[in-house]
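Thanks for coming. I will go through one structure today and keep to a few places in it. Please have a look at it first.

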Amino acid sequence: MIFPAALSQLTRAVAIVLCCALLPSTLHAEEEVVVYSARNEQLIKPLFDAYETASGVRVRFLTDKEGPLLARLKAEGVNTPADLLLTVDAGNLWQAARSGLLQPVDSTLLQERIPDHLRDPDNLWVGLSVRARTVVYNPDRVDPAELSTYAALADPQWRGRLCLRTSNKVYNQSLVAMLIAEQGEQEAERIVRGWVENLATPPFADDTAALKAVAAGQCDLTLVNTYYLGRLLKEDPALPLKIFWPNQGMEDSGVHVNISGGGITRHAKHPEAARRLLEWLASDEAQAAFAGENLEYPANPGVAVAPLVASWGEFRQSPLNVAFAGAHQAAAVKLMDRAGYR
Amino acid sequence: MTQAETLPIAAPREARPLWPRLAIGALAALVLLPLGVIFASFTDPQGAVWAHFGEFVLPRLLLNTLWLLLGVGLGTALLGVSLAWLTAACEFPGRRWLTWGLLLPLAVPGYVLGFVMIGLLDFTGPLQTTLRDLFGTAPEIPIRSRGGVIAVMALTLYPYVYLVARNAFQTQGRRALEAAQTLGFSRARGFFRVALPMARPWIAGGLALVLMETLADFGTVAVFNYDTFTTAIYRAWFGMFNLSAASQLASLLVVLVFSALALEQRSRRGQRFTPGGRADQGERIALGPVARWLATLWCGLVFAVAVAVPLAQLLAWAWQSRGDLDIRYLGFLHHSLILAGSGAVGVVMLGLLLAYSLRARPGRLASIAGRFSTLGYALPGTVLAVGFYLPMSAIDNGWIALGSRLGQTWEPLLGGTLVAMLLAYGVRFLAVGFHPIEAALHRVTTSMDEAARNLGSSGRDLLTRVHLPLLRGGIATAAVLVFVDIMKEMPITLMTRPFGWDTLAVRIFEMTSEGEWQRAALPAITLVVAGLIPVLLFMRGGEMERRDAA
C-alpha cells in the first residue's frame with residue numbers, strides 16, 4: 001500500500017517540477033519587464049518599486065556602465081533578456097540606436113509628454129529627465145554681470161580662474177559635441193583651447209570636487225550639472241556657490257542640456273510591457289519622482305521641479321536635438337585631445 | 001587533494017605524461033578566448049583613430065604609464081621588502097600586531113585610498129583649509145599629481161610584495177644568513193647578498209602582480225585624473241564609441257606584459273632556490289635600542305597612512321550615511337563572501353594545476369602557454385569582461401539555437417549563472433593564484449621527490465607529507481590575495497552577475513558612478529571589514545604553523 005501512495009506522490013512531484021520548469025517561458029511572459037540600466041540603483045529602484053505596486057508588473061533590472069551594457073546587448077543578440085535600456089546621457093542612446101540595438105516605440109503618450117528635442121527623431125529612444133550643464137560661480141569673486149556664454153569663458157579675463165572636470169567624463173564630451181553642432185568644429189576648438197588656458201588647476205575627477213574648489217576660492221567658476229550643486233547645498237546651504245544660466249541672449253542657443261533616458265531593445269521579449277513602463281516613467285506622477293530623486297529637471301515640461309531646483313530660476317534650453325551629442329561625441333573627444341583638455 | 005593518486009609528482013623526463021600538456025592547454029584556451037576576441041579587433045582597422053592617438057594622446061600617456069610602473073614598482077618593492085624583512089626576521093616593539101596590521105591595505109581598494117587622500121590633502125581639504133584659516137596661506141600640497149598617484153598605489157599594492165616576501169624570508173631559514181655572518185659579512189651585507197637574492201622568485205612574483213595590476217588599473221588613476229594607457233583604452237571605447245580601437249590598444253598591453261614576464265623568467269633560468277635549513281630556525285635579529293624604535297616608527301607610519309587614516313575617514317562618512325544601512329546589506333555581504341570564497345578555492349586549484357603542470361612538463365612551449373594563461377590580470381577589467389562575455393554569449397546563442405531546432409526552449413547554459421562568473425574570475429585572477437604557488441614550488445626540488453620516493457613515500461603520501469607543508473604558505477597567500485581581489489572586483493561582477501546578485505563592490509560602484517563618495521563609504525567599510533576575515537585567518541594559520549615547527 002505504501003508503494004502506490006509513494007508513486008502517486010512522486011508523480012505529483014514530477015508534475016509540479018515540470019510545470020514550474022515550463023511556466024516561466026509561458027505564464028510569466030506578460031507579467032514582467034527586464035531593464036538594463038546605467039542609471040544608478042538608488043536613483044531608479046524607488047520608481048520601479050512604485051511601478052510594481054501600481055501596475056502589478058514585475059521589474060527585473062541590472063545596472064552597469066553604458067559601454068558594457070551596449071556590448072552585452074550586442075553579444076546577447078536575439079536572446080537578450082533585456083526589454084529596456086536606460087542611460088544617463090543622450091550619446092550612448094544615440095550609439096545604441098546606431099548599432100541597431102533599439103526598436104522604435106510608437107506612442108502618442110510619449111510624444112505628448114516629452115518635447116521633440118529630448119527624443120530621437122526616429123522614436124528609438126526618449127529622454128526622461130533633463131540634466132543642465134551650466135556655470136556655477138563664487139559670488140564673492142565673480143560679478144554675474146561679467147558672465148554671458150560658454151564661449152566667453154574662453155576670454156582672457158578668466159585666466160587662472162576656471163575649474164573644470166576631466167574631459168574623460170561623458171558630460172563634458174556631450175557639452176563639447178553640442179558646441180560643435182552649434183558653432184562648428186573650428187570655433188568649438190578655439191573655445192575649448194581658451195578654457196584650457198584659463199584653468200586655475202588641472203581638471204578634477206568629478207563635478208563635486210570642482211564645486212568645492214570654487215567654494216574654497218581655489219578658482220572662481222566652473223561648469224557642472226546642476227544636481228551636484230543641489231546635493232552640496234542640501235548638506236550646507238551656506239556655501240558661496242551661485243548658478244548662472246549662460247547663452248540666454250536673443251541670439252544665443254540656450255543652456256546645454258543632456259538627458260537621462262531610455263529605449264526599447266530591438267529583441268525585447270516584452271516590448272509592450274517596456275512601452276508601458278516608459279510611458280509611465282514619462283507620466284506626471286513618475287516624472288516628479290524620477291527627476292526629484294536626484295534634483296534633476298523633469299523631461300515632461302508640465303511637471304514641477306523640486307523646491308531647491310525651482311529656487312535657481314528658469315532658463316531657456318538649447319532647442320537642438322540632444323542626439324547631436326552622440327553624433328559629434330567622437331569628434332569632441334578628438335578635439336579635446338588636440339586642445340590639451342585632459 | 002583527491003587528485004593526488006592520479007598526479008605523478010615530477011615524473012622522470014622519459015615518461016612524458018600527457019596530463020600536464022592537457023591541463024596547460026585547457027587553461028591557456030580559457031584565457032585564449034577573451035584574448036582572441038581582443039586580438040580579433042585587428043580585422044577592423046582603425047587607421048584614423050591610431051593616427052590621432054599617435055599624434056595627440058599616446059606619447060604623453062605612455063610616458064605617464066612608464067613613470068607609474070617605475071614609481072609603483074620601486075615603491076612597492078621598497079615598502080614590501082623592508083616591512084617583510086623587519087616583521088619576519090627582526091624583533092621590535094609592536095612587531096606582533098604590525099605583522100598582520102600591515103596586511104590590511106589589501107582590503108582597501110586603491111580608488112578609496114586615493115579619494116580619501118585627495119579629500120584630506122587637496123586645496124579644499126581640512127589640512128590646507130585649517131592652515132589657511134590660521135595663517136592666511138598654506139603651502140600647496142600637489143596630491144593630484146604623478147607623485148600622489150604613485151604614493152597611493154604603492155601604499156595599497158605593497159601587500160602583494162610584503163606577503164610573498166615575508167613568506168620567503170620566513171621559510172628560507174636563518175642558516176644561510178648565519179653562514180654569511182661567519183664569513184664576515186655585516187648584517188646589512190648578509191641581507192643584500194644572501195637573504196634578498198634567495199627571496200627573489202617570491203619578490204619577482206609579487207612585483208609581477210603589482211605591475212600587472214598597475215597597468216590594468218582604471219579606478220585609482222581616474223580619481224587622480226592621471227591619464228595612463230588604460231585611460232586611452234576607455235577613451236576610445238566610451239568616448240569615441242570605438243570598441244575595436246579600444247581592443248587594439250588593449251592588445252598592445254597584452255604583448256607588453258607577456259614580453260616582460262618572459263624576460264623575467266628567462267633571467268631566472270638556471271638558478272635554484274632551495275631552503276638553507278629548516279624554516280624559521282634561529283633567533284630573530286635583536287635590533288639596537290634606536291634601530292628597534294625606528295623599525296616601529298617605519299612600520300607604524302605605513303600602517304597609519306595606508307590603514308588608519310582611510311579607515312577613520314570611511315567610518316566618519318559611513319556614520320553620516322548610516323540611514324542607507326538596511327537588511328539588504330546582509331545579502332550584499334553574503335553574495336560577496338560566496339563569490340570571493342568559491343572564487344578563491346577555484347582559482348587556487350587552477351593555480352596549483354598550472355604550477356604542477358609546468359613543473360612536470362618543463363619546456364619552452366609549456367612555459368609560454370603557462371605564462372599566457374596568467375595574462376588576464378594585466379588587462380583592464382572592463383575590456384576583459386567584454387572579451388569574456390562575447391564568446392560566452394556565442395556559446396549560449398548556439399545552445400539556444402540548437403534547442404529551437406529540436407523544438408525546445410532551452411535556457412542559456414552560461415549567461416546569468418555563477419559558473420560563468422567563476423570562470424571569468426578564473427581568467428582574471430589566475431596570475432594571483434599562480435605566482436605565490438609557483439614561487440613556493442621552487443622549494444620542492446626533484447631531488448627531494450626522489451629522496452622521498454627512495455624512503456618509500458609516493459602519491460598522496462608524498463603530496464601531503466613533503467609537498468603540502470612546503471606549499472602551505474604559498475597556497476594560503478594565493479587564497480587570501482584572490483579572495484580579497486574578488487571582493488574588490490567590479491567590471492566582471494557587474495557584467496556577469498545574475499539578476500539580483502548585487503555585491504558590496506556593486507554597491508560601491510552604484511554610489512561612486514554619480515560621485516556620491518560619502519555614501520559609498522558604508523559598503524566600502526563593510527567590504528574592508530569582510531576582507532579582513534581571510535587576512536586574520538591567514539595570520540592565525542601562520543602562527544600555528546610556526547608553533548608546529550617549534
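Predicted model: local features only at pLDDT ≥ 70, side-chain atom pairs only at ≥ 80, totals over all residues.

In which loop of chain A does A:Leu295 lie? A:Leu295 is in the loop between α11 (284–292) and β10 (297–298) of chain A.

Most residues other than glycine have a negative phi. A:Leu295 is not a glycine, yet its phi is positive, about 55 degrees. Is A:Leu295 buried or exposed? A:Leu295 has 20 C-beta neighbours inside 10 Å, so it counts as buried.

B:Phe241 sits in the loop between α11 (229–239) and α12 (243–268) of chain B. With 23 other C-beta atoms within 10 Å, B:Phe241 is buried.

In soluble globular proteins, nonpolar side chains tend to be buried together. Here the largest nonpolar core has 288 residues, and B:Ala165 and B:Val482 touch the most other members. Which helix gives the most to this core? Helix α6 (residues 146–171) of chain B does, with 17 residues. Chain A takes part as well: at least three residues come from each of its domain 1 (31–130 + 258–306) and domain 2 (131–256 + 318–339).

Back to B:Ala165. Leaving aside neighbours within four places in sequence, its contacts are B:Gly80, B:Val81, B:Ala84, B:Ala199, B:Trp202, B:Ile203 and B:Gly206.

Last, one helix pair. α6(B) packs with helix α19 (residues 459–488) of chain B at an angle of about 170 degrees, the axes being 10 Å apart. An angle over 145 degrees counts as roughly antiparallel, and therefore α6(B) and α19(B) are roughly antiparallel to each other. From α6(B), the contact uses B:Tyr160, B:Leu163, B:Val164, B:Asn167 and B:Thr171. From α19(B), it uses B:Gly473, B:Gly474, B:Thr477 and B:Leu481. Sorted by type, the residues of this helix contact are 4 nonpolar, 5 polar and no charged.

Definitions and conventions:
Residues numbered from 1 in each chain as written. Chains lettered and ligands numbered in written order. Core = buried A, V, L, I, M, F, W, Y, C linked by C-beta atoms within 7 Å. Buried ≥ 20, exposed ≤ 12 C-beta atoms within 10 Å, placed from the backbone. Helix = DSSP H or I, 4+ residues; strand = E, 2+ residues; numbered from the N terminus. Domains from an automatic or database assignment. Contact = placed C-beta atoms within 7 Å. Axes fitted to C-alpha atoms, helices over the stretch in contact; angles between N-to-C directions. Parallel < 35°, antiparallel > 145°, perpendicular 65-115°, else oblique. Nonpolar A, V, L, I, M, F, W, Y, C, P; charged D, E, K, R; others polar.
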